[in-house]
Amino acid sequence: PVLCGDGGVHADSTNEYIVGREDVGAEDGVAPSGLCSALVLIGVYDRSSGRPVLGVINEPFHRRHPHTRRWQGRYHWGIAYQDVRLSSVSA
């Protein structure tokens, strides 16, 4: 957990990265803990409205390459600005 500026305590994946557990199975396609749950989120918002404009999520430990056993990452992105709505995830 991380103590945030708003006074709340929020969970993050720092401990998952530090511990480095690889043996945690996915539940309904989502990794509940372990390295595969460690994500990097970068977001941009409109300061006047507070609305999100752009976001990028990086999954550095998405899966291991079957032959080299090296980690392979993936990322997702989305843009919502004025009339533009684009995303790397199909609806």
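Mentor: What follows is a close look at one strand and its partners.

This is a predicted model, in which local features need pLDDT of at least 70 and side-chain atom pairs count only at pLDDT 80 or more, while totals for chains, interfaces and linings use all residues. Residues are numbered from 1 along each chain as its sequence is written, and side-chain values use heavy atoms, with hydrogens and water left out.

The part in question is strand E5, residues 71–81, where strands (E, at least two residues) and helices (H or I, at least four) are DSSP runs numbered from the N terminus. Tryptophan 71 in strand E5 pairs with phenylalanine 61 in strand E4 (residues 52–64), 10 residues apart, so that distant parts of the chain are linked. Their ring centres are 5.4 Å apart and their planes stand at 85 degrees, so the pair is edge-to-face; rings of Phe, Tyr and Trp (its six-membered ring) pair if their centres lie within 6.5 Å, and planes under 30 degrees apart count as stacked, over 60 as edge-to-face and the rest as tilted. The structure holds 1 such aromatic pair. Phenylalanine 61 counts as buried at 14% relative accessibility, whereas tryptophan 71 is partly exposed at 26%; buried means under 20% relative accessible area, exposed over 50%, and partly exposed in between (1.4 Å probe, protein chains only).

Strand E5 also supplies arginine 74, which is linked to glutamate 59 in strand E4, 15 residues apart. Side chains of opposite charge can pair when their charged atoms come close. Here the closest N and O atoms of arginine 74 and glutamate 59 are 2.5 Å apart, forming a salt bridge, that is, a side-chain nitrogen of Lys or Arg within 4 Å of a carboxyl oxygen of Asp or Glu. The structure holds 1 salt bridge. Arginine 74 is partly exposed, with a relative accessible area of 36%, while glutamate 59 counts as buried at 11%.

Further along, glycine 78 lies in strand E5 and is partly exposed, with a relative accessible area of 21%. Glycine 78 is in contact (heavy atoms within 4.5 Å) with Val53, Leu54, Gly55, Leu86 and Ser87, leaving aside residues up to four places away in sequence. Between the C-alpha atoms of glycine 78 and valine 53, which are 25 residues apart along the chain, the separation is 8.2 Å.

Finally, tryptophan 77 is also placed in strand E5, and at 33% relative accessibility tryptophan 77 counts as partly exposed.
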